[in-house]
Amino acid sequence: MGKSSDGKASDGKGSMKSKIEPVSLTGASTEELLRELLVRLGEDPEREGLLRTPERMSRALQYLTKGYQEDPEELLKGAMFTVDYDEMVIVKDVEMFSLCEHHILPFFGKVHVAYIPKGKVIGLSKIPRLIDAFARRLQVQERLTTQIAECIQNAIKPEGVGVVIEARHLCMMMRGVEKQHSSAVTSSMLGSFREQQQTRDEFLALIRQKSSNGF
Ligand SMILES: [Zn+2]
């Protein structure tokens with residue numbers, strides 16, 4: 001292993017590579033790369049059902065990673081309002097779909113966001129959009145959770161922010177490993193949500209309320 005039959009040098013791990021791929025992949029279109037991927041998986045990209053798959057897959061991947069084109073902080077600008085209200089604002093059960101960066105397989109679930117304003121609130125409809133901007137990227141659940149919390153913290157400087165994500169990971173469920181861990185809960189607590197147990201408990205109790213109603 002390690003050398004191709006035509007005698008060209010292959011640098012270590014490239015014994016399979018050198019036979020099939022051109023010297024550089026940068027000239028290949030995304031569709032060409034995906035078509036090649038189908039071949040590598042043992043498929044025939046010429047069969048009817050697969051003919052347009054590279055094109056569709058390319059578009060799907062672009063859509064699922066469109067968060068890279070969005071600036072979450074910019075998104076919140078123009079959606080911040082001055083208020084006297086200083087009780088907890090909570091937006092819960094927001095649907096979330098993301099791709100795990102280790103396997104490029106979906107993880108999905110619900111996001112719960114809460115904060116206690118200190119003079120400013122965010123338009124409620126912006127919270128799901130903010131979640132999307134971070135979720136439509138290659139992610140790990142822990143980082144997604146932290147990024148949402150920190151973005152809100154930086155934008156409106158509230159007393160505190162809490163974010164909880166409950167998600168199921170297809171990379172675990174479909175690959176048949178660690179199925180018992182296929183559902184993961186992550187949280188990020190900042191400010192008063194970190195420092196005051198009462199605030200944290202109130203948030204967690206509000207999240208749980210709905211599931212006991214059967215929703
Ligand atoms: Zn994964």
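The model is predicted: local features need pLDDT of at least 70, side-chain atom pairs count only at pLDDT 80 or more, and totals for chains, interfaces and linings use all residues. Residues are numbered from 1 along each chain as its sequence is written, and side-chain values use heavy atoms, with hydrogens and water left out.

**Overall fold**

The protein chain has nine helices and seven strands. Helices (H or I, at least four residues) and strands (E, at least two) are DSSP runs, numbered from the N terminus. Of the 215 residues in the chain, 36% are buried. Buried means under 20% relative accessible area, exposed over 50%, and partly exposed in between (1.4 Å probe, protein chains only). Among contacts with a separation of 6 or more, 65% join residues 24 or more positions apart. Contact means heavy atoms within 4.5 Å.

C100 is buried at 4% relative accessibility. H103 is partly exposed at 33%.

**Aromatic pairs**

The whole structure contains two aromatic pairs. Rings of Phe, Tyr and Trp (its six-membered ring) pair if their centres lie within 6.5 Å; planes under 30 degrees apart count as stacked, over 60 as edge-to-face and the rest as tilted.

| Pair | Centre to centre | Angle between planes | Class |
|---|---|---|---|
| F97 and F108 | 6.2 Å | 15 degrees | stacked |
| F193 and F203 | 5.7 Å | 80 degrees | edge-to-face |

F97 sits in strand β2 (residues 89–100) and F108 in strand β3 (residues 106–116), so this pair ties together parts 11 residues apart in sequence. F97 is partly exposed, with 41% relative accessible area. F108 is also partly exposed, at 28%.

F193 belongs to helix α8 (residues 192–195) and F203 to helix α9 (residues 197–212), so their pairing ties together parts 10 residues apart in sequence. F193 is buried at 0% relative accessibility. F203 is buried too, at 0%.

**Helix packing**

Helix α2 (residues 30–40) packs on helix α3 (residues 53–64) at about 115 degrees, with the axes 8 Å apart. Axes are lines fitted to C-alpha atoms, for helices over the stretch in contact, and angles run from 0 to 180 degrees between N-to-C directions. From α2, the contact uses T30, E31, L34, R35, L37 and L38; α3 supplies T53, P54, E55, M57 and S58.

R136 lies in the loop between α5 (126–135) and β5 (138–139). R136 counts as buried, at 12% relative accessibility. Leaving out residues up to four places away in sequence, R136 touches Y63, L64, T65, K66, G67, Y68 and F97.

E73 is in helix α4 (residues 72–76). E73 is partly exposed, at 47% relative accessible area. Beyond its neighbours within four places in sequence, E73 contacts C151 and N154. E73 and N154 are 81 residues apart along the chain, and their C-alpha atoms are separated by 8.5 Å.
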